[in-house]
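Subject: Structure handover

Hello,

Here is the structure for your work. My notes on what was found in it follow below.

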Amino acid sequence: MSIVLDEYANSDALVSAFSHKLASILKQSISQKGSASIAVSGGSTPKPLFQALSQISLPWNKVYITLADDRWVDATHEASNEKLVKENLMINEASAANFVSLVTDDGDAKNAESTIAKRIQSIDFPLDIVILGMGEDGHTASLFPCSEQIQEGLNLQRKLPVIATQPTSAPHQRMSLSLASIVASPHIFLHITGDKKRAVLETALANHSAIEKPIKAVCDNSTVNLVWAP
Ligand code: 6PG
């Protein structure tokens, strides 16, 4: 449907402004309904944002933090997004926040979809905020164009809000929010940096189908706040 561009001169300016914008939305949700929920993405881009957001004072004990996706690994594994969030966001003021894991100790993520769905739907759902990243292949969360599950992951009629995916271009089985659960959020942010990813996004939106570039599926079905710095 539309993209609202928030462009910053550099990453530091982006992190400062974006962290305060997120804090403001969380505070507003808490004042309106007593709690707030936010799904964040993994990868390298969000780390400075997490550290800045963690230092902002707000009623973190009323905030539920979850993930847009996680790798199907133990929470102590170096590839774990849960580990990334606990080490970089749930510190300082934000250490009082509640975390909702996307992972169980089941050997196959597919068997855990219903369990994780219940967890996600037991907090403020639809999620108040979803922060997405994007890979250079146009994937977002763990909705990978290369995975066999992409058609179902983009199915807006899908009942379960999460889906187990197996990318061929990246390691580990994943648990991901479905497209339907992402676009149900009133505040969707796509946080990317650099000219290359900006070009990937523009090409995806202009020249590709949603199944080829899943980030397009999000942009076609919601208003996405693009938060970008060179
Ligand atoms: C993950 C993320 C994924 C990420 C992109 C961008 O688990 O890897 O959720 O969707 O947002 O791959 O990652 P970078 O920020 O590291 O480029």
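Of the contacts in the protein between residues at least 6 apart in sequence, 75% join residues at least 24 apart. Please keep in mind that this is a predicted model.

Overall fold

The protein has 8 helices and 10 strands. Its radius of gyration is 16 Å, close to the 17 Å that the globule rule gives for 230 residues, so the protein is as compact as a globular protein of that length. Taken along the principal axes, the box filled by the C-alpha atoms is roughly 40 × 40 × 35 Å.

Burial, surface and charge

Of the 230 residues, 56% are buried. The protein exposes about 9,500 Å², and carbon and sulfur atoms supply 48% of that area. As for charge, there are 19 positive and 24 negative side chains. The centres of these two sets lie 3 Å apart.

Ser80

One residue was looked at individually. Ser80 sits in the loop between β4 (69-71) and α3 (81-88). Is Ser80 buried or exposed? Its relative accessibility is 3%, and because buried means under 20%, Ser80 counts as buried.

The side chain of Ser80 reaches two backbone nitrogens: that of Glu82 at 3.1 Å and that of Lys83 at 3.0 Å. Leaving aside residues up to four places away in sequence, Ser80 touches Asp70, Val73, Asp74 and Ala75.

Regards

Definitions and conventions
Residues numbered from 1 in each chain as written. Predicted model: local features only at pLDDT ≥ 70, side-chain atom pairs only at ≥ 80, totals over all residues. Heavy atoms only, no water. Helix = DSSP H or I, 4+ residues; strand = E, 2+ residues; numbered from the N terminus. Rg over C-alpha atoms; globule rule 2.2 N^0.38 Å. Buried < 20%, exposed > 50% of the residue type's maximum accessible area, 1.4 Å probe, protein only. Contact = heavy atoms within 4.5 Å. Areas by Shrake-Rupley, 256 points an atom, 1.4 Å probe, with all protein chains shown as cover. Lys, Arg positive; Asp, Glu negative; His and termini not counted. Charge placed at Lys NZ, Arg CZ, Asp CG, Glu CD. Polar contact = N/O pair within 3.5 Å; in protein donor to acceptor, adjacent residues only side chain to side chain.
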